[in-house]
Amino acid sequence: MFKKIVAIALLSGVTVAAYSQGYVGALRSFTRVAFDCPDLADCKHSGQGWKIYGGNRLSPSSAIDFGVGKIDSVEVSYLRFGGVTSQGAPTTVGYLDDFGQAQTRPAGTSFKVEADAIVFAGVARFSLVDQLSASAKLGLAYVSSTEKAQREGASSGSETETKVK
């Protein structure tokens with residue numbers, strides 16, 4: 001699915017490039033990710049994210065006019081959201097002591113969730129007054145999130161989930 005979205009985005013960019021004005025950009029931002037951390041863990045919900053994007057303005061004959069505005073650009077972007085980091089959630093580790101008896105002890109744990117997305121969108125422009133317009137985007141996003149867990153510095157698992165939204 002991911003390859004299809006990238007292929008469509010690239011082909012769209014190639015087909016309109018002959019008629020259009022291209023643009024690229026990047027931005028960096030502070031993020032806050034909503035995620036429920038384990039009880040008694042030191043949880044950091046904020047971080048830094050970034051986005052890179054590029055688009056092409058369509059030729060006047062290719063623009064889609066819908067009365068109050070028109071879709072006159074296509075854009076592809078990649079977003080990296082800040083992650084959630086959790087430290088010190090209480091857990092125990094089982095081990096055998098010097099006499100072969102089963103024992104447990106507290107263990108240091110950490111948990112991290114990260115997310116990123118690829119977006120393909122059409123950009124509509126609405127004229128407000130002379131030389132001033134507003135823009136709106138509508139498109140599809142391929143979103144991937146990864147959860148990583150560590151116990152005492154060793155990885156104890158990673159799980160990735162992807163969705164088209």
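**Reading the salt bridges**

Modeller: A network of salt bridges links Arg57, Asp72 and Arg125. A salt bridge here is a side-chain nitrogen of Lys or Arg within 4 Å of a carboxyl oxygen of Asp or Glu. This is a predicted model, in which local features need pLDDT of at least 70, side-chain atom pairs count only at pLDDT 80 or more, and totals for chains, interfaces and linings use all residues. Residues are numbered from 1 along each chain as its sequence is written, and side-chain values use heavy atoms, with hydrogens and water left out.

Biologist: How many salt bridges does the rule give?

Modeller: The count is four. In one of them, the side chains of Asp72 and Arg125 meet at 3.2 Å, N to O. Asp72 is in strand β5 (residues 70-87) and Arg125 in strand β8 (residues 109-129), 53 residues apart, and the pair links distant parts of the chain. Strands (E, at least two residues) and helices (H or I, at least four) are DSSP runs, numbered from the N terminus.

Biologist: Which residue forms a salt bridge with Glu75?

Modeller: Lys137 does, with the closest N and O atoms 2.5 Å apart. Glu75 lies in strand β5 and Lys137 in strand β9 (residues 132-151), so this pair ties together parts 62 residues apart in sequence.

Biologist: Is Glu75 buried or exposed?

Modeller: Buried means under 20% relative accessible area, exposed over 50%, and partly exposed in between (1.4 Å probe, protein chains only). Glu75 counts as buried because its relative accessibility is 6%. Lys137, with a relative accessible area of 47%, is partly exposed.

Biologist: What is the distance between the closest N and O atoms of Arg80 and Asp116?

Modeller: These atoms are 3.4 Å apart, and the two residues form a salt bridge. Arg80 is partly exposed at 29% relative accessible area, whereas Asp116 counts as buried at 16%.

Biologist: Which elements does the protein chain have?

Modeller: There are one helix and ten strands.
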